[in-house]
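The sequence and the structure come first.

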Amino acid sequence: MIRREEWGIGGPKPERIRVGLLDSTLREGEQTPGVSFTVEQKVEIAKLLSEAGVQMIEAGHPAVAPDVYEAVKRIIQLKKEGVIRSEIVAHSRAVKRDIEVAAELEPDRIAIFYGVSDIHLRYKHRVSREEALSIIGEMVEYAKQHGVKVRFTAEDATRADYDYLVEVVKTARDAGADRVSIADTVGIATPAFMRRLFESLTRDAPGVEFDVHAHNDLGLATANSLAAVEGGATIIHVTVNGLGERAGITPLHEAAVALKVHYGIEVIDLKLIPKLSRLVERYSGIPVPPNTPVVGDNAFTHKAGVHVAGILANPETYEPYPPEMVGRTRDYVIDKYTGKKAVKARLEKLGVTVTDKELEEIVRRIKARPDIRYLRDEDLLEIASEVMGKPLALTAPRGVEAIVLVKTNSNVYTTSIARRLSIIPGVAEVMEVTGDNDIVLRIQARNTEQLNQVIEQVRTIPGVQSTYTMLILKKSTGEQKEA
């Protein structure tokens with residue numbers, strides 16, 4: 001019989017696992033289509049990453065653009081002042097000028113990358129294997145001469161010939177690189193392959209530490225990163241919310257929580273993950289889908305009646321780890337899938353006690369309303385009031401509703417902004433209109449504080465120029481009369 005720990009589920013921490021995170025939100029994350037952080041935004045993100053305890057921050061490729069150079073410079077200065085504690089990494093092509101630009105900023109480490117698969121050598125670099133080895137060795141040595149630590153990234157390593165990859169790693173190591181990053185650049189690897197690859201590399205090319213940089217093209221980035229760690233990798237490259245080229249790379253929230261759940265390793269302050277996610281969501285303009293693990297709105301929200309009953313009895317029945325571990329709380333929705341236990345618990349939370357007969361009738365009426373996605377507390381109290389034959393409105397939280405007029409910048413695609421606005425919790429309707437404003441929103445909130453939070457989220461969407469809010473005091477409906 002296979003023991004639970006042999007499956008890698010909640011088993012004891014393997015003694016040989018040593019691992020930390022390198023966050024590349026400011027470099028790889030900014031390569032996400034449509035994402036461009038300001039210098040101030042990058043500084044704020046870097047500070048929070050450091051506060052969370054991220055071991056390394058890849059601050060950017062300073063030779064790319066003046067604003068990237070300035071952001072890397074500011075972040076390195078904050079490291080020197082002790083405000084940021086993480087190791088700061090500057091990215092660079094295997095080109096002397098790039099290395100010089102990075103080195104003059106005095107980062108803790110320069111990361112040089114070069115494609116090593118035959119397809120990269122032939123079609124991108126147009127060099128032979130031997131020429132590539134010469135370039136890699138020369139550029140790593142050149143960077144090392146500037147008095148900084150050097151990491152070499154073997155781009156597209158998972159599609160490279162293995163024997164040649166070993167030569168690449170040894171060349172970088174012998175030239176002065178103390179770390180080598182193995183990049184699954186097109187997200188083509190599988191966990192079994194990654195574990196074997198890193199086990200083999202640590203055996204055949206000793207004397208160097210390995211990073212794993214896994215892209216998520218097939219949705220395997222986190223699994224591949226964990227497999228690499230089991231094979232000997234000591235740093236996982238991540239981004240907040242999984243940003244990056246195409247489908248992005250390993251999400252910070254998934255890697256950090258998986259390391260804690262499966263291996264008992266807490267690499268960062270897990271309670272700061274939601275704050276990091278919201279900050280980067282706001283600055284990137286890329287909304288987090290509700291079904292995203294750890295940070296999504298639905299991550300700890302339960303729906304089916306049997307699930308909610310189990311959660312009410314013992315949360316471990318349907319939760320792999322407690323939401324409090326990552327600074328979240330659990331909840332459940334009330335709709336046609338809801339069972340009696342969930343309805344009773346929600347009513348008790350609202351201060352309403354019902355008999356078994358009343359409860360059965362309330363649940364029956366809820367299930368008879370399939371047109372409603374979920375019932376708000378106000379809706380539930382209204383049904384309970386009808387069944388019990390007495391007013392319950394005074395105990396219900398009073399909701400607020402507002403119409404928000406949104407004006408967008410003239411150089412943006414209004415429909416793109418409308419889509420982003422439509423997934424903000426609390427936004428009930430989104431309408432594109434003509435006139436002085438471009439978009440009209442109808443917002444529903446529990447109270448004015450929540451309303452203000454929703455409006456603040458609206459204002460932080462890139463492309464939103466201004467908003468004007470009108471509270472709804474009364475709704476009137478009437479029949480059309482014939483003339």
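The sections below cover the barrel, the helices on it, the helix pairs, an aromatic pair and a second sheet.

The model is predicted. Eight strands form a closed barrel in the order E1-E2-E3-E4-E5-E6-E7-E8, and their pairing is parallel. On average, neighbouring strands of this sheet are turned by 25 degrees against each other, direction ignored.

Phe-113 has Thr-153 in E5 as its bridge partner.

## Helices on the barrel

Two helices are described here against the strands. H7 lies across strand E6 (179-184) and E7, and runs at about 155 degrees to E7. H8 also packs on the sheet, where it touches E6, E7 and strand E8 (235-238). The direction of H8 makes about 170 degrees with that of E7.

## Helix pair H6 and H7

Helix H6 (residues 162-175) and helix H7 (residues 191-204) have axes that come within 10 Å and cross at roughly 50 degrees. H6 and H7 are therefore oblique to each other, and H6 passes H7 in a right-handed crossing.

On the H6 side, the contact is made by Tyr-162, Leu-165, Val-166, Val-169 and Lys-170. H7 contributes Leu-197, Ser-200, Leu-201 and Asp-204. By class, this contact has six nonpolar residues, one polar and two charged.

## Helix pair H8 and H9

For helix H8 (residues 221-231) and helix H9 (residues 252-263), the axes come within 10 Å and the crossing is at roughly 50 degrees. H8 and H9 are therefore oblique. The crossing in which H8 passes H9 is right-handed.

From H8, Thr-222, Leu-226 and Glu-230 take part in the contact. From H9, the residues are Glu-254, Ala-255, Ala-258, Leu-259 and Tyr-263. The contact of H8 with H9 divides into five nonpolar residues, one polar and two charged.

## Helix pair H3 and H5

Helix H3 (residues 96-103) packs with helix H5 (residues 129-144) at an angle of about 20 degrees, and their axes are 10 Å apart. That angle makes H3 roughly parallel to H5. The crossing of H3 and H5 is right-handed.

In H3, Lys-96, Ile-99 and Glu-100 meet Glu-138, Met-139, Tyr-142 and Ala-143 of H5. The residues of this contact comprise four nonpolar, no polar and three charged.

## An aromatic pair

The count of aromatic pairs comes to two. One of them joins Phe-198 and Phe-210, whose ring centres are 6.3 Å apart and whose planes stand at 85 degrees, so the pair is edge-to-face. The cut-off behind that class is a plane angle over 60 degrees.

Which parts of the chain does the pair of Phe-198 and Phe-210 tie together? Phe-198 lies in helix H7 and Phe-210 in strand E7 (residues 209-214), so the pair links parts that are twelve residues apart in sequence.

Strands of a sheet pair through backbone hydrogen bonds, either parallel or antiparallel. Four strands form an open sheet with antiparallel pairing, in the order E12-E13-E11-E14. The edges are taken by strand E12 (427-432) and strand E14 (464-471); each has a single partner strand, so one side of each is left without a neighbour in the sheet. Neighbouring strands of this sheet are turned by 20 degrees against each other on average, direction ignored.

Strand E11 (residues 400-408) runs antiparallel to E14, and seven bridges join the two. Within this pairing, Val-404 has Thr-469 of E14 as its bridge partner. Helix H15 (residues 414-422) packs on the sheet and touches E11, E12, strand E13 (439-445) and E14. The direction of H15 makes about 170 degrees with that of E12.

Technical notes. Residues numbered from 1 in each chain as written. Predicted model: local features only at pLDDT ≥ 70, side-chain atom pairs only at ≥ 80, totals over all residues. Heavy atoms only, no water. Pairing = 2+ DSSP bridges. Axes fitted to C-alpha atoms, helices over the stretch in contact; angles between N-to-C directions. Contact = heavy atoms within 4.5 Å. Parallel < 35°, antiparallel > 145°, perpendicular 65-115°, else oblique. Left-handed = near helix turned anticlockwise from the far one by under 90°. Nonpolar A, V, L, I, M, F, W, Y, C, P; charged D, E, K, R; others polar. Phe/Tyr/Trp six-rings, centres within 6.5 Å; stacked < 30°, edge-to-face > 60°.
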